[in-house]
Amino acid sequence: MTEAELARHSEKMAKKKQAREKIMATKTDEKGLVIVHTGKGKGKSTAGFGMIFRHIAHAKPCAVVQFIKGAMLTGERELIERHFSDLCQFHTLGEGFTWETQDRARDIAMAQKAWEKAKELIRDERNSMVLLDEINIALRYDYIDVAEVVEFLSTEKPYMTHVVLTGRNAKEELIEIADLVTEMELVKHPFRSGIKAQIGVEF
């Protein structure tokens with residue numbers, strides 16, 4: 001680049017920096033967020049666990065409730081239970097995907113049990129974040145009443161507690177009250193090419 005081009009670039013970046021700082025100066029509030037990761041694409045639980053590990057890294061107490069994957073041993077569960085159980089409570093209360101159990105009554109009972117544990121953990125203000133992994137699946141099949149979840153998050157969640165809810169097909173009522181919603185879009189997936197779920201990628 002010529003000196004004139006470099007000068008124009010520097011001037012442009014300086015203006016961007018000034019505009020950014022002006023915007024950031026207005027962002028002064030803090031609150032516990034309701035965060036929803038949904039969509040058909042991969043990465044919903046992964047993103048949720050990423051935030052859990054950030055909390056662990058900052059020595060902030062947190063908790064995980066798994067609504068569906070309880071029967072599956074995952075890398076996240078292994079790492080947290082082996083090394084960070086003092087900072088992160090981990091509860092696996094699901095028994096597998098609905099097509100594996102084939103027992104609606106049992107699925108409902110387990111989902112209800114997981115929701116009761118979730119409420120207990122969220123009410124405990126020592127927990128800075130609670131991840132409700134795959135709760136959206138339980139809500140989709142009406143194992144848990146979405147109105148009850150929305151009411152609880154709106155009225156009982158401590159002000160500074162973050163709650164992350166993952167799973168595809170998030171209900172509109174949940175999206176409506178959430179502070180942050182991300183939809184993972186499926187563009188390409190190895191499963192469609194005959195490649196099975198693999199250690200370190202899917203679990």
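Biologist: How many aromatic pairs does the count come to?

Modeller: A word on the source first. This is a predicted model, in which local features need pLDDT of at least 70 and side-chain atom pairs count only at pLDDT 80 or more, whereas totals for chains, interfaces and linings use all residues. Residues are numbered from 1 along each chain as its sequence is written, and side-chain values use heavy atoms, with hydrogens and water left out.
A pair of aromatic rings is described by the distance of the centres and the angle of the planes. Rings of Phe, Tyr and Trp (its six-membered ring) pair if their centres lie within 6.5 Å; planes under 30 degrees apart count as stacked, over 60 as edge-to-face and the rest as tilted. The count comes to three aromatic pairs.

Biologist: Why is the pair of tryptophan 115 and phenylalanine 152 edge-to-face?

Modeller: The ring planes of tryptophan 115 and phenylalanine 152 stand at 80°, with centres 5.5 Å apart, so the pair is edge-to-face. Helices (H or I, at least four residues) and strands (E, at least two) are DSSP runs, numbered from the N terminus. In those terms, tryptophan 115 belongs to helix α5 (residues 104-123) and phenylalanine 152 to helix α7 (residues 146-155), so that the pair links distant parts of the chain, 37 residues apart.

Biologist: Are tryptophan 115 and phenylalanine 152 buried or exposed?

Modeller: Buried means under 20% relative accessible area, exposed over 50%, and partly exposed in between (1.4 Å probe, protein chains only). Both tryptophan 115 and phenylalanine 152 are buried.
A further pair has another geometry: the centres of the tyrosine 141 and tyrosine 143 rings are 5.8 Å apart and their planes at 25°, so this pair is stacked. Tyrosine 141 is partly exposed, because its relative accessible area is 31%. Tyrosine 143, with a value of 6%, is buried.

Biologist: Let us turn to the strands. Which residues lie on either side of β4?

Modeller: Strand β4 covers residues 129-133, and five of its five residues are buried. Met129, Leu131 and Asp133 lie on one side, and Val130 and Leu132 on the other.

Biologist: How many bridges join strand β2 to β4?

Modeller: Two strands pair if DSSP finds at least two bridges between them. Strand β2 (residues 62-66) and β4 run parallel and are joined by five bridges; alanine 63 has valine 130 as its bridge partner in β4. β4 also pairs in the parallel sense with strand β5 (residues 162-166), over four bridges. There, the partner of valine 130 in β5 is valine 163.

Biologist: With which residues is histidine 162 in contact, leaving aside its neighbours within four places in sequence?

Modeller: Contact means heavy atoms within 4.5 Å. Histidine 162, in strand β5, is in contact with Lys31, Gly32, Leu33, His55, Ser128, Met129 and Val130 when those neighbours are left aside. Histidine 162 is buried, because its relative accessible area is 18%.
Threonine 166 also has its place in β5, and at 0% relative accessibility it counts as buried. The C-alpha atoms of threonine 166 and leucine 132 are separated by 6.5 Å, although the two residues are 34 apart along the chain.

Biologist: How many helices and strands are there in the protein chain as a whole?

Modeller: The protein chain has eight helices and six strands. Its C-alpha trace spans about 70 × 45 × 35 Å along the principal axes. Of the 203 residues, 40% are buried. Among contacts between residues at least 6 apart in sequence, 81% join residues at least 24 apart.
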